[in-house]
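Visitor: Could you take me through how to read a model of this kind, feature by feature?
Guide: Gladly; let us look at it together.

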Amino acid sequence: MSIARNLTLFLCLVYSAHSLASSPYEGLEFGKYKQQITADLKKTCHPQKKMSDEVWGNKILSNEDNKRYIRDARIALERNNEKNYWDAISKVECPEM
């Protein structure tokens, strides 16, 4: 039993080390995409109230369709497809303010 537990622990450590090794650049790219999408959505939706990007983003993401459109926009950004990006951004339903 001890061998199985130690093997499982070892595999978890190796997996987490691998995840941490590849994550710094992925995190930067995600942050860049998040900033661009947030800025472009603010241009489209024109939020009236002063609120943090986090709160405003959560309001937008409370709609399931918006989640799909934002995911599509992120994928279009990753693929440098500007037409699909703006198509996805234009489909996002702006939250009530």
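Visitor: What percentage of the residues in the protein chain is buried?
Guide: A residue counts as buried under 20% relative accessible area, as exposed over 50% and as partly exposed in between, with a 1.4 Å probe and protein chains only; here buried residues make up 20% of the 97 residues in the protein chain. This is a predicted model, in which local features need pLDDT of at least 70 and side-chain atom pairs count only at pLDDT 80 or more, while totals for chains, interfaces and linings use all residues. Residues are numbered from 1 along each chain as its sequence is written, and side-chain values use heavy atoms, with hydrogens and water left out.

Visitor: How many helices and strands does the protein chain have?
Guide: Helices (H or I, at least four residues) and strands (E, at least two) are DSSP runs, numbered from the N terminus; the protein chain has 4 helices and 0 strands, in the order α-α-α-α.

Visitor: How should I read the packing of α3 and α4?
Guide: Two packed helices are described by the angle between their axes and the distance between the axes. The axes are lines fitted to C-alpha atoms, for helices over the stretch in contact (heavy atoms within 4.5 Å), and angles run from 0 to 180 degrees between N-to-C directions. Helix α3 (residues 64-78) and helix α4 (residues 82-91) pack at about 165 degrees, with their axes 8 Å apart, and are therefore roughly antiparallel (over 145 degrees). On the α3 side, the contact is made by residues including Tyr 69 and Leu 77, and on the α4 side by residues including Tyr 85 and Ile 89.

How values were computed
Parallel < 35°, antiparallel > 145°, perpendicular 65-115°, else oblique.
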